[in-house]
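Work through the exercises below with the model open beside you. Each task is followed by a stepwise solution.

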Amino acid sequence: MHVHLPALARLRDRGEIALAVICDIDRERAALARRRFGFSEDSGDGLAALERSDIDAVYIFGSAQLHYEYGLVALERGKHLFVEKPIAPSYAQAATLAEVAKRHGLIAAAGLNRRFFRSLTEVREHAGRTGWRLAEAVFHKAEFGNRPPFGAKTWLSANGIHVLDALLFMMGGLPDTVTAMAGDSAETTPSVFSAIMRWRDGAQGVFLCNNSAGSRREEYVFHSQGETYSVDADGLTIQKGTASTRRSLPSIGDGFDAEHDAFLQAIRTGVEPLHSVAAIAPSMFLAELIEMGYSGRVELPPTTVHRPAAPAVSKPNSILIAHSPELQPQLARLLQKYRLVSLDGLNQTAGERPDIVAAVLGRGSLPLTREVLGRLPRLHVVGIMALSLTRHEPEFLLARGITVVNASAAYANSVAEFALGLTILARRRAFASHAVMRAGGWGTDPGASGLKGLLHRYARRARPALRAAGLEPIGLNLWRKTAVAKSTGAKTTASIPRELQGAAVGLLGWGENARVFAAHLLRLGARVLVYSEHARLEDIRAAGAFPVTLGEALAADIVSLHRGLTASTRHFLGAPELSKLRPGTVLINIARGALIEPRALLGRLRQGDVFACLDTYEEEPLAASDPLRSLPNVFLTAHIAGGSKDMHAAAADEVVSKVISYLDGDPTASISVERLRTMT
């Protein structure tokens with residue numbers, strides 16, 4: 001939106017194109033772009049737009065899979081095509097786009113953002129037919145810890161591909177041989193790449209690409225006998241012997257407008273542009289070799305055109321999408337078999353939609369209304385990117401024969417990881433030690449407060465002087481007889497650090513996150529005791545845990561809540577139950593705050609002999625004046641056990657995977673009526 005659409009608007013202002021319609025599954029974003037850049041219409045259905053006879057050229061900016069799937073449809077419908085990088089998920093698919101465009105006599109081009117287009121063009125023209133003998137291409141970017149976007153395999157195909165393509169553009173095509181290295185032993189997805197290349201005429205090239213660098217750097221250097229041409233962000237430097245010439249050719253914006261101008265010129269003349277998909281596809285093939293650390297000869301495989309069995313636009317089945325940002329990378333997985341329909345797009349049409357067979361509801365999406373459901377007679381499955389389903393009326397969906405799936409595993413993994421961290425740190429009394437250190441002390445025991453604490457600190461400071469005077473034994477004897485010493489001299493049970501190995505952990509509830517948490521605990525040598533009113537005893541035993549009564553679970557070293565909140569479980573832990581907690585127990589609540597009666601919890605914690613880690617509360621946010629905030633034996637977090645960015649991405653992947661599995665007829669874990677009774 002921020003780069004290509006302004007370029008298109010400038011072309012419209014020059015009278016070279018008309019901006020007919022902008023499409024996005026997110027209709028709000030589409031409407032914003034329509035108003036900002038002056039499109040005539042906006043739509044949530046890109047495939048329908050490809051059917052329009054008044055559209056001659058299509059620009060697609062999305063994931064690699066979207067470029068390929070929608071790009072094929074555009075070409076089959078007689079539209080010229082412009083896609084952003086990565087062109088397609090693979091070289092083979094990019095070659096298919098190029099072949100289909102050629103068969104229909106159409107132009108298919110790609111936006112690789114040759115940032116130094118003017119500089120590189122001048123250097124290329126200067127080389128003429130003799131070419132360069134040695135070339136260096138460097139591209140570094142600060143993407144450490146970030147995942148490759150746009151459905152790309154690595155950061156090389158997601159971003160660095162344009163530099164590799166520029167190198168081949170300058171050297172006249174693919175090298176004859178390559179020796180490449182990718183990543184290191186610690187990387188599951190390589191982010192650092194290097195390659196040495198040799199062309200048939202003996203010319204050599206070096207390519208370096210580091211996407212875990214501290215800053216962005218893009219440079220090109222070309223050498224021939226007695227001269228060197230260097231291209232960087234500021235321009236072109238020409239060196240011949242001791243003479244040096246510098247030309248200022250700023251790179252910002254250079255390339256984008258040129259690529260769009262060349263695309264339109266190619267449409268008018270029928271001559272493929274330098275950045276055609278056919279010209280760029282070989283760079284993708286070389287990138288794939290480098291990504292695998294290949295060494296050897298470089299030979300393009302025979303072109304095998306992968307034509308879809310039927311044009312995507314005529315797919316009989318659709319999936320309704322209530323969008324969220326996390327779903328965007330996953331939607332491409334649906335494109336091969338299904339047409340995507342936005343909720344706004346559905347609301348703008350009348351009558352029944354028998355083509356819609358599934359719905360995927362993103363994080364924070366509103367529930368499907370009964371009026372909407374009444375228009376979807378063939379809706380078979382609803383995937384909800386959430387753990388709690390109450391707002392979506394799952395009972396009503398199940399009663400209509402609709403299968404419901406959610407992101408149970410993604411949430412369970414995230415919550416169980418958080419619970420394990422709390423368990424280890426609380427068991428070691430790390431949170432108490434943190435408070436002591438903040439107050440200038442040492443250890444895990446906060447000691448006494450008030451007058452008793454003051455007297456204890458004075459006595460501790462006087463001890464060195466008594467020792468120097470030879471009076472320490474007498475002073476210690478007198479101190480041990482005082483009431484202050486008796487109340488502050490010994491560590492409390494709640495402040496003694498202990499290990500998790502060998503500890504008994506009582507889990508109240510046996511849902512998905514409890515099972516994952518139990519697996520973590522068992523691997524670390526803890527004994528897991530499970531209290532559940534609904535789980536089968538054999539399931540608990542099969543997991544390596546022990547089914548126990550509520551009283552036995554409450555008597556464990558660590559007690560962790562994993563129940564859903566229902567009318568029967570609200571305040572199920574009151575004063576009688578909390579009194580069963582033994583001194584030194586760690587109490588963890590990452591489930592629902594209302595599972596524990598608040599006054600009973602406060603009263604038990606004020607005794608000071610147990611430690612609590614609380615992430616959820618009956619009233620959220622927790623009031624600033626709530627007495628829980630001032631208790632030294634409580635560690636508080638703001639309902640963050642299941643809210644990480646990584647978890648939301650995993651939840652989107654899980655829900656889409658479950659919907660695909662269901663539609664493919666594969667076994668899929670779904671929500672049952674029985675399961676709903678125990679869920680929040």
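**Exercise 1. Give the strand order of the open nine-stranded sheet and name its edge strands.**

Step 1. In this predicted model, the order is β13-β12-β11-β10-β6-β9-β8-β7-β14, with mixed pairing. Strands are DSSP runs of E with at least two residues, helices are runs of H or I with at least four, and both are numbered from the N terminus. Two strands pair if DSSP finds at least two bridges between them.

Step 2. The edges are β13 (243–248) and β14 (295–297), each of which pairs on one side only.

Step 3. Ignoring direction, neighbouring strands are turned by 15° against each other on average. Axes are lines fitted to C-alpha atoms, for helices over the stretch in contact; angles run from 0 to 180 degrees between N-to-C directions.

Two notes on conventions. Residues are numbered from 1 along each chain as its sequence is written. In this predicted model, local features need pLDDT of at least 70, side-chain atom pairs count only at pLDDT 80 or more, and totals for chains, interfaces and linings use all residues, while side-chain values use heavy atoms, with hydrogens and water left out.

**Exercise 2. Assign the pairing sense of β6 with β9 and with β10, then of β8 with β9 and with β7.**

Step 1. β6 and β9 are parallel, over seven bridges. Val-138 stands opposite Leu-208 in β9. Leu-134 has Gln-204 as its bridge partner in β9.

Step 2. β6 and β10 are antiparallel, over eight bridges. Ala-137 has Tyr-220 as its bridge partner in β10.

Step 3. β8 and β9 are antiparallel, over seven bridges. Here Arg-198 is bridged to Gln-204 in β9. The two strands form a hairpin with five residues between them, and Gly-202 in the turn has a positive phi of about 95°.

Step 4. β7 (residues 177–182) and β8 (residues 192–198) are antiparallel, over six bridges. Met-181 stands opposite Ser-194 in β8.

**Exercise 3. Compare the span of helix α14 with its expected value.**

Step 1. α14 covers residues 408–427, 20 residues in total.

Step 2. The expected span is 1.5 Å times one less than the number of residues. That gives 28 Å for α14, and the helix reaches 28 Å from its first C-alpha to its last.

Step 3. Arg-429 follows α14, with a positive phi near 60°.

**Exercise 4. Is Glu-326 buried or exposed, and what does its side chain reach?**

Step 1. Glu-326 sits in the loop between β15 (318–322) and α10 (328–331).

Step 2. Buried means under 20% relative accessible area, exposed over 50%, partly exposed in between (1.4 Å probe, protein chains only). Glu-326 has 16%, so it is buried.

Step 3. Its side chain makes a polar contact with the side chain of Arg-363 at 2.5 Å. A polar contact is a pair of N or O atoms within 3.5 Å; within protein, one must be able to donate a hydrogen and the other to accept it, and residues adjacent in sequence count only if both atoms are side-chain atoms.

Step 4. Beyond four places in sequence, the contacts of Glu-326 are Arg-363, Met-385, His-648, Ala-649 and Ala-652.

**Exercise 5. Classify Ala-612, Thr-569 and Gly-608 by accessibility.**

Step 1. Ala-612 lies in strand β25 (residues 611–614). At 0% it is buried. Among its contacts beyond four places in sequence are Leu-587 and Phe-635.

Step 2. Thr-569, in the loop between β23 (558–561) and α22 (575–578), is buried at 6%. Its side chain reaches the backbone nitrogen of Thr-566 at 2.7 Å.

Step 3. Gly-608, in the loop between α23 (598–606) and β25, is partly exposed at 33%.

**Exercise 6. Where does pLDDT stay under 50?**

Step 1. pLDDT is the predictor's confidence in each residue, from 0 to 100. The mean for the protein is 88, and 91% of its residues reach 70 or more.

Step 2. The stretch under 50 is residues 485–490, with 10 contacts beyond four places in sequence. Where pLDDT is low, the predicted coordinates should not be read in detail.

Key: Contact = heavy atoms within 4.5 Å.
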